[in-house]
Amino acid sequence: MRIALCNEVLAPMDFARQCEIAATLGYQGLEIAPFTLAETPLALTATQRADIRRAASDAGIVVSGLHWLLRQPSGLSITSLDADVRQRTITLMHQQIDLCADLGGSVLVHGSPAQRRLDGIDPQLGRQHAVDAFAAIAEHAHAAGVIYCVEALAPPEADNINTIAQAVTIVQAIDRPALRTMLDCCAAARAESDTIPALLARWLPTGLLAHIQVNDANLRGPGQGALQFADIFRALRQHDYRGWVAVEPFDYQPDGPTCAARAIGYIRGLLEAINPAHGH
């Protein structure tokens with residue numbers, strides 16, 4: 001497995017500096033929130049996209065993928081009753097796929113709880129609209145060589161697709177190789193009835209779970225709360241997980257760079273303890 005850092009942890013530093021710090025700390029990639037790149041990230045030119053990719057390469061890391069996909073522009077929704085809103089959202093999802101591929105990324109994480117809410121919408125209809133949106137981009141993701149992950153998120157932020165099993169239902173209904181799900185530790189700790197190691201044991205062997213984000217249920221980085229990450233990484237090792245593990249705290253204590261440093265040190269220590277021969 002490879003360890004990435006969600007790049008908003010190091011914002012508002014310029015991207016090249018983010019890459020330098022992440023590489024120095026020992027991360028192998030940055031998982032990018034597009035809104036951190038530019039006011040209108042999808043308008044980045046081919047040259048600008050190549051420059052971003054080169055900045056990562058020059059620092060000795062890669063862009064692992066994208067997350068926080070629908071934060072901007074405002075007014076997006078995959079569940080809306082307004083067909084124009086849904087189409088505008090799907091168009092942006094397509095554009096995000098191209099951005100990810102252009103930056104050399106391999107995975108997109110579709111969280112965006114506010115843009116999937118069912119407020120004022122018939123739940124069955126809203127959920128079908130969400131399925132239709134993911135179905136609309138699945139072939140494009142495959143053609144672009146990326147994996148598009150439907151993320152399960154916990155209430156109250158999300159009132160739709162709260163568990164991995166619910167995300168899997170969507171993935172299996174669409175049945176396209178580039179559409180998968182993923183596990184966010186904070187969300188899973190809050191919304192799932194099973195432990196995170198049990199979830200990994202259940203879903204990793206299916207091939208449907210393609211990405212991991214590590215954070216504590218208290219919103220801080222791994223090692224800054226009650227979650228037992230040794231058991232989580234042991235489960236990843238046991239099931240030979242070879243994808244990205246992205247560090248995604250939301251509450252940066254005491255600050256972003258220190259949080260990033262503490263997280264990677266903690267994770268590397270756990271991996272070394274679990275299997276000294278492969279800790280690095």
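Which helix gives the most to the lining of the largest pocket? Select H6, residues 185–191: this helix gives the most, with three residues. Keep in mind throughout that this is a predicted model.

**Stop 1: the pocket**

Stay with the largest pocket. About 440 Å³ of space lies in it. Its lining is made by 19 residues. To find the centre, select Pro113, Leu153, Glu157, Glu248 and Phe250, which lie nearest to it.

**Stop 2: the barrel**

Now show the strands. Eight of them form a closed barrel in the order E1-E2-E3-E4-E5-E6-E7-E8, and the pairing is parallel. From one strand to the next, the twist averages 35°. As background, strands of a sheet pair through backbone hydrogen bonds, either parallel or antiparallel.

**Stop 3: Gly29 in E2**

Select strand E2, residues 29–32, and pick out Gly29. Is Gly29 buried or exposed? Gly29 counts as buried because its relative accessibility is 0%. Show its contacts beyond four places in sequence: Ile3, Ala4, Leu5, Ile61, Val62 and Trp244. Then draw a C-alpha to C-alpha distance from Gly29 to Ala246. The two are 217 residues apart in sequence but 8.5 Å apart in space.

**Stop 4**

Select E3 (residues 62–66) and E4 (residues 107–110). Two bridges join these parallel strands. Leu66 has Leu108 of E4 as its bridge partner.

Stay on E4 and look at its two faces. Val107 and Val109 are buried on one side. Leu108 and His110 are buried on the other. Both faces of E4 are therefore covered. Move on to E5 (147–151). E4 and E5 pair in the parallel sense over four bridges. Which residue of E5 stands opposite Leu108? Select Tyr148. Next comes E6 (179–184). Four bridges join E5 to E6, and these strands also run parallel. Here Tyr148 stands opposite Leu179.

Check how enclosed E6 is. Five of its six residues are buried, so E6 is largely enclosed by the rest of the structure.

**Stop 5: the loop residue Ser80**

Step back to the loop between E3 and helix H3 (83–102), and select Ser80. Why does Ser80 count as buried? Its relative accessibility is 14%, and the cut-off for buried is under 20%. Leaving out residues up to four places away in sequence, Ser80 touches Val85, Arg86, Ile121 and His129.

**Stop 6**

Select helix H4, residues 123–144. It lies across E4, E5 and E6, and it runs at about 150° to E5.

Now select helix H5, residues 164–174. Colour its buried residues: Ile164, Ala167, Val168, Ile170, Val171 and Ile174. They sit on the same side of H5, because they cover an arc of only 160° around the axis. What covers these buried residues? The cover includes H4, E5, E6, helix H7 (196–203) and strand E7 (209–214).

The face turned away from the buried side carries Thr169 and Ala173, which are exposed. Then go just past the end of H5 to Asp175. This residue takes a positive phi of about 55°.

**Stop 7: the cavity**

How many cavities of 30 Å³ or more are there? The count comes to one. About 40 Å³ of space lies in the largest cavity. To see its lining, select Ala152, Asn162, Ile164, Met182, Leu183, Asp184, Ala187, Ala188 and Glu192. The largest share, three residues, comes from E6. For the pocket lining, the most came from H6.

Key. Residues are numbered from 1 along each chain as its sequence is written. This is a predicted model: local features need pLDDT of at least 70, side-chain atom pairs count only at pLDDT 80 or more; totals for chains, interfaces and linings use all residues. Side-chain values use heavy atoms; hydrogens and water are left out. Two strands pair if DSSP finds at least two bridges between them. Axes are lines fitted to C-alpha atoms, for helices over the stretch in contact, and angles run from 0 to 180 degrees between N-to-C directions. Contact means heavy atoms within 4.5 Å. Buried means under 20% relative accessible area, exposed over 50%, partly exposed in between (1.4 Å probe, protein chains only). The arc is that of the directions from the helix axis to the C-beta atoms. On a 1 Å grid over the protein atoms alone, a cavity is a set of points where a 1.4 Å probe fits but cannot get out, and a pocket is an open set with protein on both sides within 12 Å along at least five of seven lines; lining residues have an atom within 4 Å of a point. Grid points are joined across faces, edges and corners, and a volume is the space filled by probe spheres set on the points.
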